[in-house]
Structures are given as C-alpha cells and as structure tokens.
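The exercises below are meant to be worked with the sequence and the model side by side.

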Amino acid sequence: MTDSALVVVRAGALTTVQDLGRAGHAHLGVPRSGALDEPAHRLANRLVGNPEDAATLETTLTGCAVRVRRATTAAVTGAPCPVTVDGRPAPWGAPIRLPAGAVLEAGAASHGVRGYLAFGGGIDADRVLGSRSTDVLSGLGPDPLAGGAVLRLGTPHGPAPCVDTAPGAGPVRELVLPLVLGPRDDWFTARALHTLGRGAYTVSPASNRIGLRVEGPALERAREGELPSEGMVLGALQVPPDGRPVLFLHDHPTTGGYPVIGVVPEHRLAAAAQAAPGTPLRFVPRPARSRAGR
Amino acid sequence: MEGAEGVNEANEVAQSGSFTVRGLPVGDHALLLEVGSDEAVEALHAELLRRVGTPALPAVREIVPAARTVLLDGLTDPARTAARLTEWHIPALTRDQGAAVEIPVRYDGPDLRDVAKLWGVTPDEVVRIHSGTEFRVAFCGFAPGFGYLTGLPDRYHVPRRATPRTRVPVGSLALAGPYTGVYPRSSPGGWQLIGTSNAVLWDAAREPAALFAPGTRVRFVPQEEPLTPGQGGAAAHAEGTPVTEGLPRQSARSAANEVAR
C-alpha cells in the first residue's frame, strides 16, 4: 500500500471529503455538493500550496484525527478549534509540517461548525462526475470518514505557501442573512415577510449539508394549493407545509415542490454553514436587483 | 410581445405561436422561466439548448427543466438575459424521431390492481395501455437518475398513495399524478407501484451516468420471465455497480447528517 495516504484515527461526528463540487448536472437530479464554507476550504488549500479545487476534509463540530504515513504539510481552517500534532499544540489557520507517522488532531470547534483540513497534494478520492465531494443527499462520492479508513493523498504540487497565517472570524452572536425575494414570495402574506425580518428564528440542530433548518414561527401562506416541481438554486429559502423555512445548502435537491420565498446570496452561505445550533437568525428581505430598478 | 422591462413578476419575456413565457427572479444570478404546460416546457427547453453558448444565451451553469418551468442558474445578468428573451421566437416542437430507450418491465407491482380500479380497466389492460404508450422524460429530480416521465392521457393520472411506503424497492415502476417513474434506488415513496425493472438507471461509472435525461423518449417492454438484476434496459452497456449497493450506508449517512445533537 502506498505511503501517500492517511489513516483515520478519530472520524468525528461527520467528516466528509469536499472540493468545489459538481455543478452542471442539476438537470439530471445531481446536487452541486462541495465545501459548505468555500472560502475556508480555499484558504486551507492555499496554506499548503494546493490548487483551491483540491479535496479537503470537512469536519462537523467535533473535528477529527488522522495519521499521515509520509511527511506532508497540513492546515486547519474554518471553525476555530484546538490543533495538536502527536498531542502537542500546533497552530490553527497556518501551515503545519507533519513528519511521517504523525497524528494531526483537530479538536471540537470553539465556535462555528465546519472545519477544513488540507494536506499537500489533496485527498485523492475517486472523482464522480468530475468531483471528489461526498454528497450526503444522493450518496455520490466517497463515504463519510470512519475510524481506520485509509485515504490516498495526491502528489504535492505548486510553490510553497506565501501566507503564514490567516485570521479567524470571531463568534457570531446573530446570523443576519440578506434574502433576495422571489420567485414565490407572492405565495406568502406581508406578515410572513415581516416575520422573516423580525429575528424570531434560531438555527435548528436538525440542520445538515442539505439544508439549514430553523426553529421559530411558521410563515403564513397567502395562497393554498400545490406548486408543480421546479428547479431549486443553492441558497433558496424553501417553505414546506409546516411553514418553517429551510435554507438550501450544497447537497440540496435539484427540484422541489414547495414555494421558495427568497434566495440568500451565495457569498453569505459560508456564514450560514458556520452558524451553530441555537444561533439567533434574522433575514433582511430585499427585492431582486433586476426588480429594484423598475 | 412585451417590451424589455427586465425580470418582473408576470412579465412576459418571450413567446411562441402558442404560449408565453413569464420570467421570475431567483436571487441575483438565476431566472425562472414559467410556461403553461409541459409541452411548452419541452419547446422552451429545446430552444434554450439550441441557443446556449451563443450570444443569445451566454454563460449559464445549469438549465433545469421541471413541470411548468425552466430554471437558468449561474447567469451574470438575469435581467439582461430576460430582455434578450423578448426577441426570441420559440418554434413549435419538432419531435426527434430517434429510437426510444426500451426498459424491460415485469408488471407485477403491489398497486397494479388499485391502478386498474382507478382506470376502470382490468390489470391486463393497464399493462397493454402502459406498455403501448411512448413516454418522454419531462424532467429529473428527487435522486440522480430519477426521471419524471409524461405520456399518459389525463384520464390515467392517479393520486399518490394515501400512506407512503417507508421502503420502495430499487427498480420499482411507479405512477403518481401525470408521471411515470422508475426508482433508481430503494427509498421511501408514495407512488403507486405497478411493476419492476432491472434497468440500471444510474451508474456513476458509466458514460452517460443517467439513462434518463430531460427529453429522452422511453418505452416499457413487458417481460414474462424473471429479470436478471442489473442487465436490463437499453443500458446494454450497463455493467457498473448495481444501484442497490451502498443503500445501507445511505441510511447510516442520513442518520449521521443530523448534526449537532
């Protein structure tokens, strides 16, 4: 077996392989998938000299631990957490040199949810439709990590990292998300729009890579009936019959039959993916740009 | 035809001889085009595919047809795209006369009798009518490889089951509303099950991975003998992993998804 591999020592609550996903197949029912906190994933890769589309490990709340068989460079970004190499403290958000046989551990997140572990050469899982990402909705891509599993590493490439450390974001007291109204905001009452902006929601522990679920008041419908299935975008805020909106993240279904009241711009989804359960949540509705200039 | 006012609700952005297209904004980088029928979706989708990559329809990441809409995602300027659409003439549909994909089916589903009752015919007649129909994949969704197939006349549309099944076996041929579908993997489901197929609808190692894509024409061919798993369909080249593989892991995965307990 190759030395260019790592062995999972502690898998954590849910650790998956992620890259930038497999866009372009939605018409076949294939979700985009990919790292939920894309800037953190890209940064981790830059810190170890990888191209930004190399695959990293995405952890969930509790981190993970892996043993590397050969010497390599690693970096941990995303949700801030204690980092150790063979039990000794190591920097978070900076390149770490790992000797052959060392165990790198990312501990529980001090705040935030998703951590990213990059290794020189990237995780070399088989590609499915051009991507190494695990898609938890469809089951495409590699399995989530399990203790004892062995993952191949690619060949390290590129120049040495030009960044030494990267600043981390502080804890978020309230998640505030802009919401571009439509396409089905007319299915809801004016009061429902007011409710979204009132800050009456918290992030639900039932959230996952498919969607951020919320706890709070139901949104009131202005019309009954069923919506014929229609295409769904990343960041869509879909409102199922119980009235509690679900914010679609990267593993969301590509079509759906519940009305979408608005869409959160993609650049704010990393913050949504890092909002821990219980975080207060408020939406700031605005019309679509194309409508605003009317 | 309406003027180029940008993407406004209920704004007609294009028309053909027989239908108009409404453009609805979806965030700042997508546009939902809505029409009145699945035939109109088919014509609009065909025209979008003809024009993608031309100045009429520049960079777009996804073109996703559905029941009454086509979603264009990944547009730099949806309002501009909508404005350009006003200049389009969408020609009437000319059906591709290529061969239909043939899916071998045993009409042995547990809901065949219920469907026969709903149709007011015998189970044998259901088989005759269903296998005598040419279907078309109107759109995909629900799972990779799952197609929503249209083709049955209105009088044969059936409701979903009152109580969904917790597990529908892989390969089940099923009806709901105007649609026929084949489950690409085992999952919970509320559709009426009328048969079983061994066609491999999705195989990530195959090119193309999906047997059904929007626009694919499909015929179901009744079989008397038991079907050999994973050998069926026009997927004569299907020899990849059976779609059932990894299902237990799927449920484990769903459980693991409930993060942050």
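**Exercise 1.** Determine which residues of helix H4 (residues 123-131) of chain B are buried, and which are exposed on the other side of the helix.

*Solution.* Start with the neighbour count: a residue is buried if 20 or more other C-beta atoms, placed from the backbone, lie within 10 Å of its own, exposed if 12 or fewer, and partly exposed in between. Helices (H or I, at least four residues) and strands (E, at least two) are DSSP runs, numbered from the N terminus. By this criterion B:Val126, B:Val127 and B:His130 in H4(B) are buried. They cover an arc, taken over the directions from the helix axis to the C-beta atoms, of only 100°, which puts them on the same side of H4(B). On the other side of H4(B), B:Asp124 and B:Glu125 are exposed. Finally, the elements that cover the buried residues of H4(B) include helix H3 (112-119), strand E14 (192-197) and strand E15 (217-222) of chain B, where a contact requires C-beta atoms, placed from the backbone, within 7 Å.

The model is predicted: local features need pLDDT of at least 70, side-chain atom pairs count only at pLDDT 80 or more, and totals for chains, interfaces and linings use all residues. Residues are numbered from 1 along each chain as its sequence is written, while chains are lettered from A and ligands numbered from 1 in the order in which they are written.

**Exercise 2.** Work out how strand E8 (135-140) of chain B is paired with E15(B) and with strand E9 (residues 147-150) of chain B.

*Solution.* Two strands pair if DSSP finds at least two bridges between them. E8(B) and E15(B) meet this with two bridges in the antiparallel sense, and B:Arg136 has B:Arg217 as its bridge partner in E15(B). E8(B) also runs antiparallel to E9(B), to which four bridges join it; here the bridge partner of B:Val137 is B:Leu149.

**Exercise 3.** Describe the side of chain B that touches chain A, by element and by residue class.

*Solution.* The contact joins 47 residues of chain B to 48 residues of chain A. Several elements of chain B each supply at least two residues, among them strand E2 (20-26), helix H2 (78-85) and E8(B), but the largest share, five residues, comes from H5(B). By class, this side of chain B has 28 nonpolar, nine polar and 10 charged residues, with Ala, Val, Leu, Ile, Met, Phe, Trp, Tyr, Cys and Pro counted as nonpolar, Asp, Glu, Lys and Arg as charged, and the others, Gly among them, as polar.

**Exercise 4.** Characterise the two domains of chain A and the contact between them.

*Solution.* An automatic or database domain assignment supplies the bounds, dividing chain A into domain 1 (5-152) and domain 2 (175-292). Their C-alpha centres lie 28 Å apart, and the contact takes 21 residues from domain 1 and 15 residues from domain 2. On the side of domain 1 that touches domain 2, the largest share, three residues, comes from helix H1 (residues 38-47) of chain A.
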